[in-house]
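Hi,

Here is the structure I promised to pass on. Have a look at it first, and my notes follow below.

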Amino acid sequence: MKRVLAWTIPVAAAAAVAPVARGNGGDAWLFVGAGRTLLSPHWSRAFADPGIQVGPLQLALFGSVGRSPAALAVVLGAAAALLVLAAARAAGVERPGILAGLGAAAVLTGLTRAGFDAGHPADTLVPLLWIVAAAEARRGRALRAGALVGLGAGLETWSLLGIAVLALAPRRRDAVAGVAAVVAVASALFLPFVAAGHFEMGAYRWAVSSQSLLSLVLAPGTPYGWPLRLVQGAVALAVGLGVARAARGSRHALWLVPAAVVLARLALDPLDSGYYFVGVEGPALVGLALVAARGLPFAGRRLAREMVT
């Protein structure tokens with residue numbers, strides 16, 4: 001019973017709090033409109049607007065459930081709570097009390113509301129999905145891990161950077177198979193829209209924000225298109241692979257690799273949106289739960305020892 005309650009209470013709390021404490025939904029209205037197009041006979045034009053920089057799974061959700069902001073807030077809040085618990089469980093946290101505390105922390109810190117408030121649930125959900133994928137890869141189930149990373153691209157394309165967690169697979173051929181699964185799933189999600197001839201995602205240009213770290217190198221207002229996004233992604237992926245190699249033998253690699261990828265991505269991002277940092281908050285909470293599960297008095301020493309072995 002304790003195990004069941006450790007999951008159901010945080011998920012129920014997140015669902016209950018979300019519609020009451022929700023914000024204005026951020027960019028949600030844009031994706032609701034595109035989602036309605038996706039679910040209509042004119043589905044092929046869902047990505048005709050370059051501003052639609054999310055995946056088809058998000059559009060389908062926003063175009064259906066998103067017609068009711070309160071319902072969308074409930075679904076996203078419950079999903080975030082469930083996924084943070086699933087990520088912790090995949091990382092090896094089993095004690096019901098710690099899982100319940102993690103769920104409560106996710107609700108109290110606003111992690112479970114961030115996906116709706118910004119209109120970009122990927123920033124909350126994708127790094128947690130990577131942790132689950134990392135655990136699957138480490139167990140040798142690289143195809144399943146790759147499928148999870150590929151599905152994340154259905155929310156936002158930067159989920160593909162989760163390929164870094166496949167480096168935790170026990171054998172190189174497993175990692176290669178996982179990458180193939182990522183490509184297959186992501187291609188299946190986007191190719192119908194590309195083939196239809198109205199796919200304009202690559203035409204979008206961001207402008208470098210004066211508050212971003214990137215403004216130290218590029219003048220504020222500088223256009224930042226997909227070629228630079230690819231460079232950003234390559235650097236973030238390289239950082240993630242480096243961390244995966246350095247922490248390969250540590251249980252903490254499961255959350256450290258996703259956190260490192262997100263941090264590297266944000267360091268080179270042209271924007272400075274505050275909600276981006278929930279991508280670090282989620283893995284960090286899972287890491288704290290894992291430290292607590294292994295024993296608080298010696299957690300720091302154990303982590304330091306594992307990181308160098």
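A quick definition before anything else: I call a residue buried when its relative accessible area is under 20%, exposed when over 50%, and partly exposed in between (1.4 Å probe, protein chains only). Please keep in mind that this is a predicted model, where local features need pLDDT of at least 70 and side-chain atom pairs count only at pLDDT 80 or more, while totals for chains, interfaces and linings use all residues. Residues are numbered from 1 along each chain as its sequence is written, and side-chain values use heavy atoms, with hydrogens and water left out.

Let me start with Gln-232. This residue is buried, because its relative accessible area is 3%. Gln-232 belongs to helix α10, residues 226-246 (helices are DSSP runs of H or I with at least four residues, strands are runs of E with at least two, and both are numbered from the N terminus). What is Gln-232 in contact with, leaving aside its neighbours within four places in sequence? The partners are Tyr-224, Arg-265, Leu-268 and Asp-269, where contact means heavy atoms within 4.5 Å.

Now the wider picture. The protein chain has 13 helices and two strands, and buried residues make up 49% of its 309 residues. Its C-alpha trace spans about 55 × 40 × 40 Å along the principal axes. Of the contacts between residues at least 6 apart in sequence, 73% join residues at least 24 apart.

On to the inside. A nonpolar core here is a set of buried Ala, Val, Leu, Ile, Met, Phe, Trp, Tyr and Cys residues joined through side-chain atoms within 4.5 Å. The largest one has 66 residues, and Val-84, Trp-130 and Val-286 have the most contacts inside it. Helix α7 (residues 122-138) gives the most to this core, with twelve residues. Another core, of 23 residues, lies apart from it and includes Val-54, Leu-59, Ala-73 and Ala-153. As background, nonpolar side chains tend to be buried together in soluble globular proteins.

Neighbours within four places in sequence aside, Val-286 is in contact with Val-84, Ala-87, Ala-88, Ala-91, Leu-102, Leu-128, Ile-131 and Trp-255.

Last, helix α2 (residues 28-38). Its buried residues are Ala-28, Phe-31, Val-32, Ala-34, Gly-35 and Leu-38, and they pack against α3 (56-64) and α9 (172-196).

Cheers
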